[in-house]
Amino acid sequence: MNNSFQEIPLSEHKVARDRISHNALKVTDRLQSAGFKAYVVGGAPRDLLLGFTPKDFDIGTDATPEQVRELFRNARLIGRRFRLAHVRFGREIIEVATFRGTGDTGERSVEDGGRVLRDNVFGSEAEDAIRRDFTINALMYDPSNETIRDYTDGYADVARRKLRLIGDPELRYREDPVRMMRAIRFKSKLGLEIDGPSEAPIPEMAPLLADIPPARLLDELLKMLLGGGAWNGFKTLVEYRLWHELFPGLLDSPENPPRLIEQAFCNTDQRVAEDKPVTPGFLFAALFWPRAREEARRREQNGQPPVEALAAAGEKVFSKYTSRVSIHRRFSTMAKEIWMFQPRFDKRRGKRAMRLLQERRFRAAYDFLLLRADEDPAAAELAKWWTEVQEVDAETRNEMIFGSRKKQQPKTRQGS
Ligand code: ATP
Ligand code: MG
């Protein structure tokens with residue numbers, strides 16, 4: 001195998017050592033003083049070169065996890081599939097991973113179709129670089145001399161803004177089909193083009209996602225949805241036909257999703273951009289809403305009351321459409337709570353209306369009502385009223401809810 005790498009100097013790449021987290025530098029410095037190799041690897045050098053702020057700083061080293069633990073009192077070994085050391089500094093955790101290989105020996109096991117199930121063989125620095133997914137994810141930053149070590153021409157790809165798989169694309173997707181989703185995530189988040197040969201096989205290989213454990217698909221999907229590029233990511237998943245594998249049958253036409261879904265995704269991106277908290281429950285409420293409403297209407301026609309109908313519809317659609325991507329109970333529960341709140345907005349009078357304002361799910365349910373308002377005039381009318389009632393002073397609110405004859409402060413009990 002080819003062990004050669006290019007060393008790119010600071011004068012060229014311009015990423016000075018002080019751009020790296022102080023704690024990550026402590027880790028590389030100490031490992032290097034003890035005679036080990038230690039570099040900042042993975043997403044951080046990539047993000048810095050592309051002008052983004054890294055989420056975290058991962059370290060690659062030739063020290064074994066046990067050797068790392070001996071050097072750092074604040075290190076803990078974790079992981080079974082990949083053994084890693086976590087070095088904790090207050091709230092920041094620096095992940096330190098021993099270089100991994102690509103050999104067929106040791107603990108690596110490969111399934112019939114070529115998918116890698118376990119991968120725990122240590123390897124050389126060069127092997128560690130080429131077992132990674134994309135060339136831009138394989139750059140190694142050496143803080144001691146501020147150079148970048150590049151085994152895969154990743155630096156040139158950063159400059160070209162190309163996402164290119166290391167090695168033979170079909171083989172690499174077959175080994176781990178989740179790499180197709182990662183390609184979409186990096187494309188939509190970092191604004192990169194996928195290199196032709198890495199792009200071409202995706203739509204036809206998309207069905208391989210069916211073999212991936214549903215919990216892993218959820219993890220990968222959430223990284224995309226909560227990373228600030230939910231709407232772009234959704235459209236790109238659809239474009240490459242990965243969406244169809246994740247949620248077959250959920251949307252009538254994923255190419256033209258309802259506006260409510262577009263709005264929910266865009267709002268989420270907006271909130272991420274403003275550093276506000278976001279919850280997948282709200283996104284799933286929007287995504288599953290068309291099917292849930294359909295089912296709830298059927299039930300209402302058969303005489304079930306609206307809130308009950310929505311609850312039952314929620315159970316049904318969440319069990320029907322989550323065979324590929326498992327959705328945590330807490331997310332589906334939140335989505336159902338948001339839906340079941342909707343019929344309650346109809347009641348604008350009396351204590352019950354006043355109490356609604358204080359309920360835990362009011363905020364999320366109200367935001368959802370705003371989304372429905374876009375496509376439903378009755379919901380728009382309600383949304384207007386519920387917006388107003390929150391904005392006015394207490395006296396006017398009482399008037400709106402209890403009517404003009406009862407102006408004095410009524411005795412309402414707080415809480416739900
Ligand atoms: P992010 O900034 O979103 O965390 P990242 O590139 O750091 O992006 P991680 O999932 O944290 O992504 O993975 C860290 C690194 O591990 C990647 O940069 C890549 O080098 C390698 N890696 C991750 N997943 C795979 C995979 N499925 N196949 C090969 N290499 C991978
Ligand atoms: Mg990362």
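I'm working from a predicted model, where local features need pLDDT of at least 70, side-chain atom pairs count only at pLDDT 80 or more, and totals for chains, interfaces and linings use all residues. Residues are numbered from 1 along each chain as its sequence is written, and side-chain values use heavy atoms, with hydrogens and water left out.

**Helix pair.** I looked up α17 (residues 329-341) and α19 (residues 362-373): their axes come within 9 Å and cross at roughly 65°. Axes here are lines fitted to C-alpha atoms over the stretch in contact, with angles from 0 to 180 degrees between N-to-C directions. Helices are DSSP runs (H or I, at least four residues), numbered from the N terminus. That makes α17 and α19 roughly perpendicular (65 to 115 degrees). Who touches whom? Met-334, Ile-338, Trp-339 and Phe-341 of α17 meet Phe-362, Ala-364, Ala-365 and Phe-368 of α19 (contact: heavy atoms within 4.5 Å).

**Salt bridges.** I found 33 in the structure (a side-chain nitrogen of Lys or Arg within 4 Å of a carboxyl oxygen of Asp or Glu). Arg-131 pairs with Asp-128, closest N and O atoms 3.0 Å apart. Arg-131 is buried at 17% relative accessibility, and Asp-128 is buried at 1% (buried: under 20% relative accessible area; exposed: over 50%; partly exposed: in between; 1.4 Å probe, protein chains only).

Glu-294 bridges to Arg-291 at 3.2 Å between closest N and O atoms. These two sit three residues apart in α15 (residues 280-301), so about one helical turn separates them. Glu-294 is partly exposed at 35%, whereas Arg-291 is buried at 12%.

Technical notes: Chains are lettered from A and ligands numbered from 1 in the order in which they are written. Angles under 35 degrees count as roughly parallel, over 145 as roughly antiparallel, 65 to 115 as roughly perpendicular and the rest as oblique.
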